[in-house]
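Keep the 3D view open and follow along as you read.

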Amino acid sequence: MEPLYQQTHKQVHEVQSHMGRLETADKQSLDLVENEIQASIDQIFSRLERLEILSSKEPPNKRQNAKLRVDQLKYDVQHLQTALRNFQHQRYAREQQERQREELLSRTFTTNGTQKKILDIANMLGLSNTVMRLIEKRAFQDKYFMIGGMLLTCVVMFLVVQYLT
């Protein structure tokens, strides 16, 4: 059991050092490093299963200590697995944010084009030109009502502050 434990312990430390390489790896080799780490972790888990079986076959006076050592290795490997998953999740989130940013930057925002599309859709729906003109007039009037309301609110706020302080 001892040689297998030592090999597994050494491999856990190697995986820990490989985790540090994840931060510095370029995008092309990142997948390769992640796959290498995951394969090592899977191999460690299979060794740990074998170690659990061997620790249960130890003499009674050494069994408790052997199980504790195997449990500690298992705990360490589970933390490595979690750290790898967190790194992959963060990388995926960053890539998704970059894609969304590029998509937003590639869009062109034109209100004239949008208004023309709305008019085309309305014409397809069968709205008459008179109704369309009424809608446009109402939108124009609503803009002035909104600006007037904002100004009135500002004046009222100014007066309240002026007279209450």
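## Helix 1 meets helix 3

This is a predicted model, so keep that in mind as you look around. Start with helix 1 and helix 3: their axes come within 11 Å of each other and cross at roughly 20°. Angles under 35 degrees count as roughly parallel, and therefore helix 1 and helix 3 are roughly parallel to each other. The crossing between helix 1 and helix 3 is left-handed.

Which residues do the touching? On the helix 1 side you'll find Glu-2, Tyr-5, Gln-6, Thr-8, His-9, Val-12, Val-15, Gln-16, Met-19, Leu-22 and Glu-23, and they meet Arg-69, Leu-73, Asp-76, Val-77, Leu-80, Ala-83, Leu-84 and Phe-87 of helix 3. Sorted by class, this contact of helix 1 with helix 3 has 11 nonpolar, four polar and four charged residues.

## Helix 2 joins in

Now bring helix 2 into view. Helix 1 and helix 2 pack at an angle of about 160°, and their axes are 10 Å apart. Because angles over 145 degrees count as roughly antiparallel, helix 1 is roughly antiparallel to helix 2. Helix 1 passes helix 2 in a left-handed crossing. In the contact of helix 1 with helix 2 there are 14 nonpolar, six polar and five charged residues.

What about helix 2 and helix 3? The axes of helix 2 and helix 3 come within 10 Å and cross at roughly 160°, which makes helix 2 roughly antiparallel to helix 3. The crossing of helix 2 and helix 3 is left-handed. By class, the residues in the contact of helix 2 with helix 3 are 14 nonpolar, six polar and 10 charged.

## The nonpolar core

How many residues make up the largest nonpolar core? The number is 19, and those with the most contacts inside this core are Leu-22, Ile-37, Ile-41, Leu-48 and Leu-51. At least two residues of the core come from each of helix 1 (2-24), helix 2 (27-56) and helix 3 (60-106). The largest share, seven residues, is supplied by helix 2.

If you leave aside the neighbours within four places in sequence, Leu-51 is in contact with Met-1, Leu-4, Tyr-5, Thr-8, Val-70 and Leu-73.

## A buried glutamate

Is Glu-34 buried or exposed? Glu-34 sits in helix 2, and its relative accessible area is 4%. Since buried means under 20%, Glu-34 counts as buried.

So who are the partners of this residue? Not counting residues up to four places away in sequence, Glu-34 touches Leu-22, Leu-84, Phe-87, Gln-88 and Arg-91.

## Residues out in the open

Next, Pro-60. Pro-60 is found in helix 3 and is exposed, with a relative accessible area of 67%, because exposed means over 50%. Pro-60 and Leu-125 are 65 residues apart in sequence, and C-alpha to C-alpha they are 85 Å apart in space.

Phe-145 is another one to look up. Phe-145 lies in helix 5 (residues 129-164), and with a relative accessible area of 63%, Phe-145 is exposed. The C-alpha atoms of Phe-145 and Thr-82 are separated by 57 Å, while the two residues are 63 residues apart along the chain.

## A residue in a loop

Where does Ser-128 lie? Look in the loop between helix 4 (111-125) and helix 5. Ser-128 has 36% relative accessibility and therefore counts as partly exposed. Between the C-alpha atoms of Ser-128 and Val-155 there is a separation of 41 Å, with the two residues 27 residues apart along the chain.

Conventions. Residues are numbered from 1 along each chain as its sequence is written. This is a predicted model: local features need pLDDT of at least 70, side-chain atom pairs count only at pLDDT 80 or more; totals for chains, interfaces and linings use all residues. Side-chain values use heavy atoms; hydrogens and water are left out. A nonpolar core is a set of buried Ala, Val, Leu, Ile, Met, Phe, Trp, Tyr and Cys residues joined through side-chain atoms within 4.5 Å. Buried means under 20% relative accessible area, exposed over 50%, partly exposed in between (1.4 Å probe, protein chains only). Helices (H or I, at least four residues) and strands (E, at least two) are DSSP runs, numbered from the N terminus. Contact means heavy atoms within 4.5 Å. Axes are lines fitted to C-alpha atoms, for helices over the stretch in contact, and angles run from 0 to 180 degrees between N-to-C directions. Angles under 35 degrees count as roughly parallel, over 145 as roughly antiparallel, 65 to 115 as roughly perpendicular and the rest as oblique. A crossing is left-handed if the near helix is turned anticlockwise from the far one by less than a right angle, and right-handed if clockwise. Ala, Val, Leu, Ile, Met, Phe, Trp, Tyr, Cys and Pro count as nonpolar, Asp, Glu, Lys and Arg as charged, and the others, Gly among them, as polar.
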